[in-house]
Structures are given as C-alpha cells and as structure tokens.
Amino acid sequence: MPGSTPSSCLPQWPNDVGIIALEVYFPSQFVDQTELEEFDGVSAGKYTIGLGQARMGFCSDREDINSLCLTVVQRLMEKNGLGFDSIGRLEVGTETIIDKSKSVKTVLMQLFEASGNTDVEGIDTTNACYGGTAALFNAVNWVESSSWDGRYALVVAGDIAVYASGSARPTGGAGAVAMLVGPDAPLALDRGLRGTHMTHAYDFYKPDMVSEYPVVDGKQSIECYLSALDRCYSVYRSKIHAQWQRAGVEKSFSLEDFSFLAFHSPYCKLVQKSLARLMLNDFLVSSPSSQTGPFADLEAFRDIKLADTYFDRDVEKAFMKASAELFEKKTKSSLLISNQNGNMYTPSVYGCLASLIATHSPQQLAGQRVGLFSYGSGLAATLYSISVTQDHTPGSPLDKLVSSLCDLKARLDSRRKVSPNVFSENMKLREETHHLASYTPHGSVEELFPGTWYLTRVDDKHRREYARCANIDDLPEARQTMSNTSTEHIVGHATKLPCVRASAVSPGEVVSNGAH
C-alpha cells in the first residue's frame, strides 16, 4: 500500500497526495420517512418527495461521537491490515461536542496504546459541517509539508445530527467516515484548485451548551448555502482557468469538465437544486446561444442577477429541468447514503463520495475528475476537486478502494427498521440524558452491528467508558473493553457482507429547509 515511506527516503515533494482508503459507519437502525410523515401528521410526500429522503439513521443512547469514531477508525485499520504505528497524524472533524476541553482525537488515541505510538499530530476541528473538510486539508497539507515523517495521516469526520420535534427533525442522521491520506493515492486532491468562501452568518448554530439541538434559520441557511456555492464555483473556475492558461490551454471551465460532482447533503433535493445552480452560473457567463445545446430555451433568464434568484421558483424550475440529464450522469449516484441514512453533518460530502465509489467500477472511475462542495453553517465552504488515478488494474489501489466499499448497499439494507414512536422515544431519552453524570445507557447492545464500539457508562465525574461488540466471526464472549485510561487490544475480523453494486436514488421535489 502506498504512503508509508521511510523518513530517510522522503521525496522532495510527494506526488498525488490524497485519499488512499475510506471507511463509512452508520447506525444499525433507521426510521422510515414515509411512516414518519404519517406519525408527524404532515402531508404524504413532504419528507420523501419534498426532501428526497427515504430513511433516517439514528443512534440510541449506546452510541455517542466517541463510539462512532472509535468504530470507523478501527474498521478502516482492520480492513486495510494497518498497524497503528503507521499513523503519524490524526485529525478529527466534528460539531458533536460532549466535552468543551477534551477532544475526540484524544479518546481515539486509546486505540494506539498497544502499538506504543504516541507520536501522532493533529487535533479536533469544529465549524458546523465543514470540520471534516478542514481536517482533510490539514492532513494533506501535512503530507505535502516539511513536517511529514513518511507515515500516513488519518482523517475522521463524525456527527450525530438531531433536532427538536418539528419540521427540521426529518433532516437528521448520524455516522462517521475515516480516510487514510498519503502520497500516490488513487484519489488525489488537485493542487491549487480550492475555491473557498468564508463569512459571518447566524444561519445554524448551537448556543445552548447543554442541548444537542441547534438554532436554525431555514430560509437564511439555504441562501447562505447557495450563495457560498456561487462564490466557491466562481473562485474555482478562475483558478483552474489560470492553471490552464499557464499550460497553454485556452478554454473556459464548465460543469462538463467535472466527470462527477458530490455535495454536502442536508437533504437530497437541495443537492439536485445545487447542480442546477451551477448550470445557472455557467449560463450567465456563456455567450448568447441558439436554440440548441444545454442552454436552449433559457435566454429569457439572460439578464438576471444571481443574488436575486435564491428563491425564484421560475429560475429554479427551468434550470433543474435543463440540468436533469447532468444530474443523472454526474451526481445522482452520490446520494445513496444521504437518501438512506440522512445528513451526517461533517461526513456528509464524504458519504456522498463513498456512495459514488460504491456505485461505479474502477474502470468507470479511472482518470475522472470529481468535484466536491463542502459547506458548514456560520459559514465556511470550499469547492475543490479530486483526480482519480488512471490505474484500474486488479489489485491496484483504486481497485482495492472500490472493493472495500462494494458492500455499502448491503450494509444499508441490513439495518433494522424501528417505528416512529420508538424513534421519538429515543430522541426524548437523548434529551433527558445528554451530559448526565453517573449514567448507564439503556439501549440494547445486541442490536448494534458486529464490531461496533458502544458506551457502557458515564461515571460521577463525566468520564466515559466503552466496549466493543464481537465481530461476526468472533465468539460471543470475545468482546474488547475500553475505559478512559486503558484498553486490551484485540484485532477482530472484518464484517463480511455480499458485494452488491448499489443503485442510484431519486430525490423528489425541492422544499425550503435549512442547509446546515
């Protein structure tokens, strides 16, 4: 596997730094959005068509941000046969805060104890849903810097997205993503091609330190998301155009130059709206066209201004229709996890990247450019791109990456459906027990996926203790235990499910919900 180079042999500038391996974790239970519509007493289709959501994953009180991240990290390391001494940097992006001082990264260091490796740089990064991207950029920058010692970087993005009862609750979700970063990666971040936009806004924030629930201005959040997308796309186009000019290439960048596009996905329908938004951006900088081509029948919108169109239904409808084919080709396949599990916050766009990989073969991905838009309220946003390696031969890093995610749909399908009433009871329990000391969780351990870390107790000083479910091939009593101060390291067997190439999903129609 590429990446872990002896420090004495380090190159002057590592090549193709990016994502070598990727692992996704989501809870073992979900609520059906159709059933939730009926339970909430809203019109049929409000969540399933309006939001484009089919199912929503959620955690019992047995899981918290620490356990989610412990699970996804250990699964990635075991799947790829890596020792914890091969990691030199560990970055965590999350907005799920259970301690105002102690980082999730320090909890994850318990996994490193058996290896004796404490020389691991990095810490947590927080800004709404953008923290995972900031963590990834930090890891890539480390590998490309004079500080790099030849080892891998590990990036973890995880969150539990929950809302108070009401219109925002069906846009929740939960999960974590772990990414192994190093040189000679099958998914290399394009150097110098990041379009970033950051400004001050109160569209979504969490001022109540004892509550998991945010304060959301749904309309402002959508405007912030779309305006950030406009700005990031403009900056990205300028940077890639400058690169092309230096290379002697004279052409304008457009959506056609992305093979695939993945977006931060608060709900699936906003993603489809976002792709249409990028087509609108392309249209406004294009020359007036004839009645043929992608902009046919759109000339009536030639003189509009972007800032006036965030809630213009005529513009939205026209460009969603015009971009429908592009959406089917470039973005729809990325929405598998989002449609089936909901918004994971910081891991959202990387769950979309995983879905994209899971729904294509190495041959279909090789040599392609993937655009990714990451957004976090408050706000911070970046549109950047990844170049997929040309090498798709059997046993290549790309082939291994695709193979590692081929069970994604099977894992989603293996989850347990619970009633909206049980879901509501779980949310109520989380409200009552969040940040409690001297607490023992009530949730069933047997209903968790094999190999899942879970919370066993919170002591009178708020110190949390965890244990790990046996893996599928382990004996029932083979359970790894962990407290805040010690661990017994037992390498389990990776969970094995059938490899099923996942199919794409249909998001439905747009409604105005927050873009947090």
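Predicted model: local features only at pLDDT ≥ 70, side-chain atom pairs only at ≥ 80, totals over all residues.
**Exercise 1. Work out how helices α5 and α6 are oriented to each other, and which residues make the contact.**

Step 1: Remember what you need for a helix pair. Two packed helices are described by the angle between their axes and by the distance between those axes.

Step 2: Find both values. The axes of α5 (residues 218-246) and α6 (residues 268-285) come within 10 Å and cross at roughly 45°.

Step 3: Give the angle a name. Roughly perpendicular would need 65 to 115 degrees, and roughly parallel an angle under 35. α5 and α6 are therefore oblique to each other.

Step 4: List who touches whom. From α5 come Ile 222, Tyr 225, Leu 226, Leu 229, Asp 230, Tyr 233 and Arg 237. From α6 come Leu 270, Lys 273, Ser 274, Arg 277, Leu 278, Asn 281, Asp 282 and Val 285.

Step 5: Sort them by class, and you get 8 nonpolar, 2 polar and 5 charged residues.

**Exercise 2. Trace the open sheet of 9 strands: what is its order, and which helices lie across its strands?**

Step 1: Read off the order, β5-β4-β6-β7-β1-β8-β13-β12-β11, with mixed pairing.

Step 2: Check the ends. β5 (124-125) and β11 (260-263) are the edge strands, each pairing on one side only.

Step 3: Zoom in on one pair. β1 (residues 18-25) and β8 (residues 187-198) run antiparallel and are joined by 2 bridges. For Gly 18, the bridge partner in β8 is Ala 188.

Step 4: Place the helices. α2 (residues 65-79) lies across β1, β4, β6 and β7, at about 145° to β6. α12 (residues 397-404) lies across β1, β8 and β13, at about 10° to β1.

**Exercise 3. Why is helix α10 described as largely enclosed by the rest of the structure?**

Step 1: Pick the cut-off: a residue is buried at under 20% relative accessible area.

Step 2: Go along α10 (residues 348-358). Its buried residues include Ser 348, Tyr 350, Cys 352 and Leu 356.

Step 3: Conclude. Because 11 of the 11 residues are buried, α10 is largely enclosed by the rest of the structure.

Terms used: Residues numbered from 1 in each chain as written. Heavy atoms only, no water. Axes fitted to C-alpha atoms, helices over the stretch in contact; angles between N-to-C directions. Helix = DSSP H or I, 4+ residues; strand = E, 2+ residues; numbered from the N terminus. Parallel < 35°, antiparallel > 145°, perpendicular 65-115°, else oblique. Contact = heavy atoms within 4.5 Å. Nonpolar A, V, L, I, M, F, W, Y, C, P; charged D, E, K, R; others polar. Pairing = 2+ DSSP bridges. Buried < 20%, exposed > 50% of the residue type's maximum accessible area, 1.4 Å probe, protein only.
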